[in-house]
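User: Hey, can you walk me through this one? I'd like the plain version.
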Amino acid sequence: MHLLYTPKNLQPRRRNLGFTLIELLVVLAILTMLAGLVGPRVLSLLGGAKSKTAAVQIADLEKSLELFKLDVGRFPTTAEGLDALVNRPASANGWNGPYLKGSVPNDPWGRPYVFTSPTANGGVDIVSLGADGQPGGEGENADIHNTP
């Protein structure tokens with residue numbers, strides 16, 4: 001029995017093991033377009049989430065300050081600051097804290113909350129200066145207060 005070898009039989013089989021450069025470029029172009037369309041929407045939602053987080057943290061701080069007032073009979077002074085919720089001030093008789101777990105949180109942008117006590121109405125004011133860290137502003141840069 002005689003086997004015939006033709007040039008077609010001698011050539012190794014070509015296997016499709018990967019993607020071509022054009023296929024990769026098309027996929028990258030599609031991903032870039034998706035990122036361009038979806039990215040800004042996701043980032044705007046992230047900003048809104050930070051503002052809502054600040055509002056929730058301020059409400060929690062306000063509740064902790066109320067507990068401080070029940071025990072001590074007054075709110076911490078501006079000089080004592082929010083740290084009075086974690087560390088006993090020298091002039092706070094009846095302090096039964098700490099009133100927060102851990103330490104006093106920073107706002108979602110990494111800056112400390114601005115605390116004023118007493119205010120004109122005898123209460124407290126807790127403020128996050130927003131994304132820009134400056135008083136005032138609109139949207140993401142707006143200040144977030146515990147008082148309306």
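Predicted model: local features only at pLDDT ≥ 70, side-chain atom pairs only at ≥ 80, totals over all residues.

User: Got it. How many helices and strands are there in the protein?
Analyst: The protein has 2 helices and 3 strands. Helices (H or I, at least four residues) and strands (E, at least two) are DSSP runs, numbered from the N terminus. Going along from the N terminus, the order is α-α-β-β-β.

User: And what order do the strands take in the sheet?
Analyst: They form an open sheet of 3 strands in the order S1-S2-S3, with antiparallel pairing. Strand S1 (114–116) and strand S3 (144–145) are the edge strands, each pairing on one side only. Two strands count as paired if DSSP finds at least two bridges between them.

User: How many bridges join S1 to S2?
Analyst: There are 3 bridges between S1 and strand S2 (residues 125–128), and the two run antiparallel.

User: Which way do the S2 residues point, and are they buried or exposed?
Analyst: Asp125 and Val127 point one way from S2, Ile126 and Ser128 point the other way, and all are buried. Buried means under 20% relative accessible area, exposed over 50%, and partly exposed in between (1.4 Å probe, protein chains only).

User: How much of the whole protein is buried?
Analyst: Buried residues are 24% of the 148 residues. The protein exposes about 10,800 Å², with carbon and sulfur atoms supplying 62% of that; the areas come from the Shrake-Rupley method with a 1.4 Å probe, and for residues only the protein chains shown count as cover.

User: New topic: where is Pro118?
Analyst: Pro118 is in the loop between S1 and S2. A cis peptide bond joins Ser117 to Pro118, with omega about -5 degrees. As background, most peptide bonds are trans.

Notes:
Residues numbered from 1 in each chain as written. Heavy atoms only, no water.
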